[in-house]
Amino acid sequence: MDKISEIKAKLASAAHKETIEDSTLIRDLGLDSLDVVEMLLQLEEEYDVHFDDVDMNKISTVGDLLNEISKQL
């Protein structure tokens with residue numbers, strides 16, 4: 001399984017439903033802002049990527065997150 005598919009599967013598992021790229025992290029997945037920051041930090045460590053403050057502010061959907069990670073892999 002490639003890294004993007006692995007991340008999508010983890011997000012879907014966390015949400016207990018099939019995750020689509022248009023799902024918002026906060027409204028649809030039920031994460032709060034602290035959850036999002038913690039998730040991004042974990043993804044940085046696990047996949048050796050980096051999100052700066054500008055990146056973090058642009059990420060609101062699963063698709064945004066996957067696109068940002070794809071740019072760095």
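This is a tour of the model above, one selection at a time.

The model is predicted: local features need pLDDT of at least 70, side-chain atom pairs count only at pLDDT 80 or more, and totals for chains, interfaces and linings use all residues. Residues are numbered from 1 along each chain as its sequence is written, and side-chain values use heavy atoms, with hydrogens and water left out.

**The whole chain**

Start with everything shown as a cartoon. The protein has four helices and zero strands, and its elements run α-α-α-α from the N terminus on. Helices (H or I, at least four residues) and strands (E, at least two) are DSSP runs, numbered from the N terminus.

Of the 73 residues in the protein, 37% are buried. Buried means under 20% relative accessible area, exposed over 50%, and partly exposed in between (1.4 Å probe, protein chains only). Among contacts (heavy atoms within 4.5 Å) with a separation of 6 or more, 53% are between residues 24 or more positions apart.

**Helix H2**

Select residues 33-47, which form helix H2. Its 15 residues should span 21 Å at 1.5 Å a residue, and its end C-alpha atoms are 21 Å apart, which agrees. The expected span is 1.5 Å times one less than the number of residues.

Which residues of H2 are buried? They are Val36, Met39, Leu40, Leu43, Glu44 and Tyr47. Look down the axis of H2: these buried residues fall within an arc of 140°, so they line one face of the helix. The arc is that of the directions from the helix axis to the C-beta atoms. Turn to the other side of H2 to find Leu34, Gln42 and Glu45, which are exposed.

Select Asp32 with Leu34. Asp32 caps the N-terminal end of H2, with a side-chain oxygen 3.1 Å from the backbone nitrogen of Leu34.

Next select Asp48, which follows H2 and sits in the loop between H2 and H3. Its phi is near 55°, a positive value in a residue other than glycine. Most residues other than glycine have a negative phi. Asp48 counts as exposed because its relative accessibility is 71%.

Move to helix H3 (residues 53-58) and select Asp55, which lies in it. Is Asp55 buried or exposed? Asp55 counts as buried, at 11% relative accessibility. Leaving aside neighbours within four places in sequence, Asp55 is in contact with His50, Glu68 and Gln72. Asp55 and Glu68 are 13 residues apart along the chain, and their C-alpha atoms are separated by 7.5 Å.

**The salt bridges**

The structure holds two salt bridges, each a side-chain nitrogen of Lys or Arg within 4 Å of a carboxyl oxygen of Asp or Glu.

Glu68 and Lys71 are separated by about one helical turn, because they are three residues apart in helix H4 (residues 62-72). Glu68 is buried at 8% relative accessibility, while Lys71 is exposed at 61%.

Finish at Arg27 and Asp28, whose side chains meet in a salt bridge (3.5 Å, N to O). Arg27 counts as exposed at 64% relative accessibility, and Asp28 is partly exposed, with a relative accessible area of 29%.

Methods
Polar contact = N/O pair within 3.5 Å; in protein donor to acceptor, adjacent residues only side chain to side chain.
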